[in-house]
Amino acid sequence: MVRIALRKSEFAGVQLLLAGFAVATALVLLLCWTASGRLPDYIGRELAGEELAAVLGRNSSLAEYAWLSPCADFPRAAKIDTITIHHMGADLQLAELGERFANQDRRTSANYGIDNQGRVGIFVEEANRAWTSSNAANDARAVTIEVANDEIGGDWQVSEAAFAALVELCADVCRRNDIPELTYTGNAQGNLTCHRMFANTVCPGPYLEGRLGELAAAVNQRLRE
């Protein structure tokens, strides 16, 4: 009789654990649903007029375009102290990049994009974490930037206009986020990183990766001016 009572007690304990797990799961799903429901109504579409001006005022004034992606964490969980560089793997205009990032099935985004003409767009505000680098810990602390290619394949070259805009954008991000210096070490120990350091990918391509030391030096020169 004692053994039967113990077994019943153990069974009841298992039921309570399962019930607790089900309740916890339901609460997590409810929180996710309510969080997504609280996204501002300007997420997921092109912005213009006062909405665009407000987003530029909270982020880089170098941008001239915004299409904010829902593929992000709102807000980011860490202070910005890193910049992570990517290439688009294509020659996309800002609106084309925004359309891609708006597709929630892709589950990808970036804080900024730079097209072949050097135009800058915002796709995830700096206060939020973009889903860019295959590494949540890096993206939680990094402003991520996608740069268009003017050579598809090969070294995946980017235009001089795009590279010049990248220098100015990185300097602006550093100034506004109190990053005193960009350090490129060739690995994730520096605060200028690239996608290839976190995933099995060629991104940002040999050409742009080969200029990251030059990028850090140019940005640091501007920070000293």
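1. A quick word on residue classes: Ala, Val, Leu, Ile, Met, Phe, Trp, Tyr, Cys and Pro count as nonpolar, Asp, Glu, Lys and Arg as charged, and the others, Gly among them, as polar. On that scheme, the lining of the second largest pocket splits into 6 nonpolar, 6 polar and 3 charged residues.

2. Before going on: this is a predicted model, where local features need pLDDT of at least 70 and side-chain atom pairs count only at pLDDT 80 or more, while totals for chains, interfaces and linings use all residues. Residues are numbered from 1 along each chain as its sequence is written, and side-chain values use heavy atoms, with hydrogens and water left out.

3. Helices (H or I, at least four residues) and strands (E, at least two) are DSSP runs, numbered from the N terminus.

4. Now the aromatics. Rings of Phe, Tyr and Trp (its six-membered ring) pair if their centres lie within 6.5 Å; planes under 30 degrees apart are stacked, over 60 edge-to-face, the rest tilted. There are 2 such pairs in the structure. Tyr65 and Phe123 have ring centres 6.2 Å apart and planes at 50°, so they count as tilted. Tyr65 is in strand 1 (residues 65-66) and Phe123 in the loop between strand 5 (120-122) and strand 6 (129-130), so this pair ties together parts 58 residues apart in sequence.

5. Phe123 is buried, with a relative accessible area of 0%; buried means under 20%, exposed over 50%, partly exposed in between (1.4 Å probe, protein chains only). Phe101 and Phe123 make an edge-to-face pair, 5.6 Å centre to centre with 75° between the planes. Phe101 sits in helix 3, 22 residues from Phe123. Tyr65, Phe101 and Phe123 form one aromatic cluster.
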